[in-house]
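Please look through the sequence and the structure shown below before reading on. The report then moves from the chain as a whole to a few of its parts.

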Amino acid sequence: MYVSGRSHQNLSGKLASQNVLFCDGVSGLRLDLSEPLPLTNVIFYKPNLGKMGTVIITGANGSLAIPAVDYLLSRYPSYTAILTIRDNSNKDANTTRLQSIIAKYPNAQVSVRKLDLARLSDVNAFAGTLHSEIAEKKLPPLAAIICNAFTWDMTPPIKYTEDGFERAMGVNHIAQLNLTLRLLGDFDPQHGRIVFLSSESHWAGKAGFEVYPPTLPNDLNLLVKPNPDKAGEEAGRGFQRYGLSKLAVVMTMYELNRRLKKVRRIHRP
Ligand SMILES: NC(=O)c1ccc[n+]([C@@H]2O[C@H](COP(=O)([O-])OP(=O)(O)OC[C@H]3O[C@@H](n4cnc5c(N)ncnc54)[C@H](OP(=O)(O)O)[C@@H]3O)[C@@H](O)[C@H]2O)c1
């Protein structure tokens, strides 16, 4: 299984719509992991064509996800796509757009499901349902989880998830790591990929919106329960919190990769 993180540079423009998630290339989907890859690498791989598997994409009605869904359904019709969104009503223009993409592929195996990552009970229930469906062979084992959804808040007050975590950290990192860990045992034992989407915001000095660099505080609790922003600092601090959530995502990628290298087969606890 590979765990990969991707920076925005690798997801922009043509690359995002055509090559991001399912690239023909060299590394393949394998359980034995290579060395952690540098963040700026575009990771090329070639799933076994004709192979079946379930691919989860969070935030599937987002601007990068929609072309990725289009690409997945057009190039890999044997895969089953589980696409998570928050608002499945036709009042959401992005959901309507996603549905219009799906409609191009009447034979595709696609399930669009509601999932609010700002509520861990939702995430746990979603993971539990998926686990049951895979166990009952209603869905093929997981081939990939693409943790694409994100949020940021640049206006006061600081927002929190239902579980009381600062919202960017809660949604971008905690919820999607929670989802991934809960589903590790549901991957195909031979093949699999976890994709975390990061951003240049995690790297001090790179992002145009950066006012305060994404520096880890001595008290790590501040990452989930930050101090109130000083007047006038709200936008900069909001972007800093986004950057910190993406820093947590990147650090997690390396750590999870390191740990998964040591296991040949993952058993559910
Ligand atoms: N586009 C860029 O310039 C850029 C740059 C750097 C990194 N990235 C990264 O690339 C990824 C995709 O970015 P994007 O530009 O495509 O984002 P986007 O268009 O804003 O889409 C974000 C997706 O996340 C979903 N989402 C937000 N809050 C959620 C929650 N609480 N629970 C579940 N889903 C939630 C959104 O659903 P709703 O519509 O319901 O809110 C939407 O589907 C993100 O991880 C982002 O950090 C993007």
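What percentage of the 269 residues of the chain count as buried? In this predicted model, 39% of the 269 residues count as buried. The mean pLDDT of the chain is 84, and 79% of the residues reach 70 or more. Over residues 6–50, however, the pLDDT is below 50, although this stretch has 73 contacts in the model beyond near neighbours in sequence.

The secondary structure consists of six helices and six strands, and along the sequence these follow the pattern β-α-β-α-β-α-β-α-β-α-β-α. Among contacts between residues at least 6 apart in sequence, 77% join residues at least 24 apart.

One part of this pattern can be followed in detail. Strands β3 and β4 pair in the parallel sense over six bridges, and within this pairing I82 has S111 in β4 as its bridge partner. Between the two strands the chain passes through helix α3, and this β-α-β crossover is right-handed.

| Element | Residues |
|---|---|
| Strand β3 | residues 79–85 |
| Helix α3 | residues 93–103 |
| Strand β4 | residues 109–114 |
| Helix α5 | residues 167–183 |

Leaving aside neighbours within four places in sequence, A168 is in contact with T151, W152, D153, R241, Y242 and S245. A168 and S245 are 77 residues apart along the chain, yet their C-alpha atoms are separated by 6.2 Å.

Notes
Residues are numbered from 1 along each chain as its sequence is written. This is a predicted model: local features need pLDDT of at least 70, side-chain atom pairs count only at pLDDT 80 or more; totals for chains, interfaces and linings use all residues. pLDDT is the predictor's confidence in each residue, from 0 to 100. Two residues are in contact if their C-beta atoms, placed from the backbone, lie within 7 Å. Helices (H or I, at least four residues) and strands (E, at least two) are DSSP runs, numbered from the N terminus. Two strands pair if DSSP finds at least two bridges between them. A crossover is right-handed if, with the strands pointing away from the viewer, the path from the first strand over the helix to the second runs clockwise. A residue is buried if 20 or more other C-beta atoms lie within 10 Å of its own, exposed if 12 or fewer, and partly exposed in between; C-beta atoms are placed from the backbone.
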